[in-house]
Amino acid sequence: MKIVHVNTYDIQGGAARGTYRLHKGLLESGQNSHVIVKYKHSLDPTVTCVSFTNTEEPSDIQKLYISAIQKSYINSNRTSISNTLFSFPYPGIDITSNEQIINADIINLHWITNFQSPLTLQKLFSLGKPVIWKFPDMWPFTGGCHYAAGCEKYKQDCVKCPQLIHDPYNLPGSILQEKLELFADYNLTIVTPSKWMADHVRQSKLFKNNRIEVIPNSLETDIFSPLSKLEAKRNIGANSEDFIILFGAHSCEEKRKGFAELLTSLQQCLENEKFYNLVLNNKIKLVCFGYLALEKLESIPIPLINIGYTESDKQLQEIYSSADIFVQTSLEENFGFTTLEAMSCGTPVIGFNVGVIPDVVEDDITGKIIPVGNTFKMAEAIVDCALSPYKCQMMGENSRKVIQEKYPLSVQASRYLELYQDLVTYEKDISMTLSNEHISSDKNIQKDTNVELVSNLPDNYVGSELSGIFEKLSPQEMFADYLKSEDIIQNLRQDLYKFQSQLQKTQSELNYYREQHQVIQETCDSLTQQLQDIVDNPIRWLLLAQSRSVEKPPLFKYPYEEGLVSVIIPAYNAEKFLSNAVISVWRQETTDNIHLELIVIDDGSTDETYNLANLLAEVSPIQMRVLTHPGKLNKGVAASRNLGIIESKGEWIAFLDADDAFLPNKTLTQVKWLRQNPEYLCACSYGYNVDSDGQPVIGWNSNEITGDYQTIDLQHRIPAPYTFDSLQNGCPVVNSTFITHRSVLLWSGLLPESIAHQAEDWILFTKISTKWSIPLISEPLIYYRIHPSSWTTKYFQENLGAGVKLEFLFAITHWLACRKEQEYQEIAQSFYRKKLPSYFSATGRLNDLMDAYIENQKKLNPNIESNALQLSSRSSLEEVLISLHQDSQLLQKAKRYKKLIKKIPASGLLYRFVKKIKVILTIHR
């Protein structure tokens, strides 16, 4: 049997996951199942993505009309009773000519918002094939709302919709009427995953006379299976004896998810003296996953463990297994996969009497059923479970048995197959009847007839019911958008007037800076002439200048273990984020031939980082070591990461900063990819930008995805894979996404330790790129944290770019020139000549800093400058540079004062720069 599913997404979102699970179950039972979607995120070949053809695609004005209606008439016009989706049903993509649809024996619709419209659905129904529509929410039989929020107007006409503030055109009523007209001649079969939804469908004006079946969703009971509860609790950062209350939703801002009811219930729990004493003794934890409004939980004195949003089934399995109860507070819900997932992991559910709760939860056997919205009863149930942990354990065991028996993929697939077979048999009987009446049943003829019928249907952009108001409503809403834009422009104009006077006041200052710029430019031109000899032969003086800082290849202390990934975390005063980083490594997905070790290097921290790291090592489920430098000195991030590399035992080495975190599939995805692409020996990927609280944030690349330099503006775009040429323009490789085979580091050497700026990763990646390009796995695999104390924040706030580029220039040129191969020395010459002019900048900031410092010291010692000049009578810049680096005592002083230097970008006035450095060093000689 050829089965085709139609859904807007393939794997993104709850409805898509339900569709994909049914599809998997049918494939596993040997059926020919296929999925057609508008947006595809998987690599599954049995999923096809379709789009508008050139002739079908809406015109620009139609797109504007649709957008205006959705944004102004609907989204900006919502009342307070609901903030769940309310969708205009157009445009739709005609899929009747799709080969999979043409050859299908049966078509199964799912969540099709923004993909199919009433008109395209009418064309699909006109093919004469059996069609099942599995309702994921209430949108198919309402005037646009996905959940009715208590309204019952879908039973009649959807007139005077309570979810819209103003509705002068009766838009929801027109949408429902259009569905009634377009679907009237077609006998669809409706499937709902819960009896709750089936009851609503049977009362609807649109589908009350249709065949309605209840077939629950399913899940992978082998993936969502119970883990050791004690171990799971430790893995999420809780104590083994904690009673854990779990709550989760994609977005807690959606009112129907009942987040407000959860908060009220928890407040009422605290009124119970025994429960409150458990809270005071730190025996109760609240664990949440999804996008949460954390500030709303501040009023609840129960300690919170916020997991954040995750799509990893393995991480969800661990979260569910750690919980003692799962609280489901949805006020409206068709099904709710979280209920099944929790129960499958052996966790009982306390939930309001909606959706699948009354179907799957048996009161006091597998959980507790609460009247909808009754927070007092909800609080009583939570308290009862918290005071009776053994009872929770028994309900959890019963829950697992129920899910194993009634909700595996095979059970759902079997029930759908029975329905499919029944409908196909019915269609064949109809065909036989038509044949007896001398109507040809030839399959090809029937197929051609159906296609011709579809092609003869009206080809309007919207249905007849909406067409009368469409042309009036759309321009009006576009004009409303225009007026809003005009208001914004007017406000901006007023702000402009306010600042105009300030701009006039600063005009004289700007003129002054222009004059100064001219002076600096003339100085730079003069300096360029002075540097000409050095540029003609840069390698000679650079070798002399950096001869003491040659990085040797790493000498690993141990032979490597095949399949082992060594994760290296350098940590300095990182107690705030270290636990998240370490736990993210513990949660990495592994296989029999891919496993992990973790090495944390404490870089002389002055807080509790070292003690915390050792505590984590004691309970670590994987190999974990904590290292320090001799004497517990602070030697910098490069030296710390180098120590971890030398001590590592892995075939693969992965970098992780202490304030970042891996996604659960990070190392497994990368190692598998590298094994499948043996021409590469290292790789990087994308990540999600998050703030200090783990919430999504726009990063330095003006994107929520860190490491994405493929889709930004052309001026800053860096194409992947990253080569020596492309890495000269900047470093797109996110440090915590980098993984490499240890043989690469044997060739390239360690990270440079003797630099003032944190450019060690850029330098290392560029060295590697001279032999191997660095591929980009275009998938977010880490959480990249942006916070005020990070190096990257300092880099942008203090404008350190010029200094970083100069150090990069010197380090790469020196490394290339020191290699034995003649070709590398030639590359060094070319690279230096090409990049030196673009990397120098003339700002004068460094000179100002040193001028102020020297003038202050002159008050103590008037002979400072003359003493400094006696250090050397050399006049050429080349000789001064060589002298500065050859003088070992000066070099040691320079290292001690590199923090002073690194605050300011390197100045173009390099000669004055060197002389003033000599003066400053003389002060402290």
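## Overall make-up

Buried residues, meaning those under 20% relative accessible area with a 1.4 Å probe and protein chains only, make up 52% of the 925 residues in the protein chain. This is a predicted model, in which local features need pLDDT of at least 70, side-chain atom pairs count only at pLDDT 80 or more, and totals for chains, interfaces and linings use all residues. Residues are numbered from 1 along each chain as its sequence is written, and side-chain values use heavy atoms, with hydrogens and water left out.

The chain holds 35 helices and 22 strands; these are DSSP runs numbered from the N terminus, helices being H or I of at least four residues and strands E of at least two.

An open sheet is formed by 7 strands in the order 3-2-1-4-5-6-7, with parallel pairing; two strands pair if DSSP finds at least two bridges between them. Strand 3 (47-49) and strand 7 (211-214) each have a single partner strand, so one side of each is left without a neighbour in the sheet. From one strand to the next, the twist averages 25 degrees, with angles taken from 0 to 180 degrees between N-to-C directions of lines fitted to C-alpha atoms, for helices over the stretch in contact.

Strand 1 (residues 2-9) and strand 2 (residues 32-39) run parallel and are joined by 7 bridges. V4 has H34 in strand 2 as its bridge partner.

## T189 in strand 6

T189 lies in strand 6 (residues 189-192) and is buried, with a relative accessible area of 5%. Leaving aside residues up to four places away in sequence, T189 touches V131, I132, W133, R211, L419 and L423, where contact means heavy atoms within 4.5 Å.

Note on methods
Buried < 20%, exposed > 50% of the residue type's maximum accessible area, 1.4 Å probe, protein only.
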